[in-house]
Amino acid sequence: TAWRFVCFYVPLWFIAGYVLRVFWVVRSELNEMLAKGAPVPNSVKTLAHMVFYPMVLVVCFIFGTINRIQSIFERPIYEIVILHAIFQSSQGTLNAIVYGTTPSVKSAFYGMFSSEMKGGVRMEEADNKNDEHQSYSDGGHVVV
């Protein structure tokens with residue numbers, strides 16, 4: 001357990017701290033540019049959204065770190081082990097949620113549903129420009 005902590009959790013927290021530090025330096029530089037009246041690029045929302053990726057890392061591994069430290073000195077506590085298992089296995093889901101809420105992904109997602117709709121069914125042209133077929137709804141049947 002001590003080796004696991006030294007080989008995995010120490011580098012993990014070092015890297016997470018480094019990533020957070022880089023984020024705060026970039027954010028402070030951006031705030032200085034904004035204070036001077038520099039034009040704001042469109043990627044500022046994405047930059048502000050970047051802080052959630054290291055936060056997911058912190059949330060997912062905080063209980064694992066507590067569990068490993070506590071397990072070095074005495075028997076594991078059941079509740080901490082359960083929290084460790086739940087949060088560590090939810091990292092992919094949380095990263096997907098963070099990615100899905102970025103401005104570009106949200107606009108692409110909403111763009112899919114804002115295209116022309118007719119009769120509750122989307123009218124789509126064929127991908128191939130040589131193919132003149134269209135799909136449309138005809139009383140509940142799809143006609144190609």
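The legends below describe close-up views of a predicted model. Local features need pLDDT of at least 70 and side-chain atom pairs count only at pLDDT 80 or more, while totals for chains, interfaces and linings use all residues. Residues are numbered from 1 along each chain as its sequence is written, and side-chain values use heavy atoms, with hydrogens and water left out.

**View 1. Packing of helix α1 (residues 2-35) on helix α3 (residues 52-73).** The two helices (DSSP runs of H or I, at least four residues, numbered from the N terminus) pack at an angle of about 150°, and their axes are 10 Å apart. Axes are lines fitted to C-alpha atoms over the stretch in contact, and angles run from 0 to 180 degrees between N-to-C directions. The angle makes α1 roughly antiparallel to α3 (over 145 degrees). The crossing of α1 and α3 is left-handed, meaning that the near helix is turned anticlockwise from the far one by less than a right angle.

**View 2. Residues in the contact of α1 with α3.** Contact means heavy atoms within 4.5 Å. Ala, Val, Leu, Ile, Met, Phe, Trp, Tyr, Cys and Pro count as nonpolar, Asp, Glu, Lys and Arg as charged, and the others, Gly among them, as polar.

**View 3. Packing of α3 on helix α4 (residues 78-89).** The angle between α3 and α4 is about 150°, with their axes 8 Å apart. That makes α3 roughly antiparallel to α4, and their crossing is left-handed. Val59, Cys60, Phe61, Phe63, Gly64, Ile66, Asn67 and Arg68 of α3 meet Ile80, Val81, Leu83, His84, Phe87 and Gln88 of α4. Nine nonpolar, four polar and one charged residue make up the contact of α3 with α4.

**View 4. The aromatic pair of Tyr9 and Phe61.** Rings of Phe, Tyr and Trp (its six-membered ring) pair if their centres lie within 6.5 Å, and the count comes to seven aromatic pairs. Tyr9 and Phe61 are edge-to-face, at 6.5 Å centre to centre with 70° between the planes (edge-to-face is over 60 degrees). Tyr9 lies in α1 and Phe61 in α3, so the pair ties together parts 52 residues apart in sequence. Tyr9 is buried, at a relative accessible area of 3%, and Phe61 is buried at 6% (buried is under 20% relative accessible area, 1.4 Å probe, protein chains only). Ring pairs link Phe5, Phe8, Tyr9 and Phe61 into a cluster.

Conventions: Parallel < 35°, antiparallel > 145°, perpendicular 65-115°, else oblique. Phe/Tyr/Trp six-rings, centres within 6.5 Å; stacked < 30°, edge-to-face > 60°. Buried < 20%, exposed > 50% of the residue type's maximum accessible area, 1.4 Å probe, protein only.
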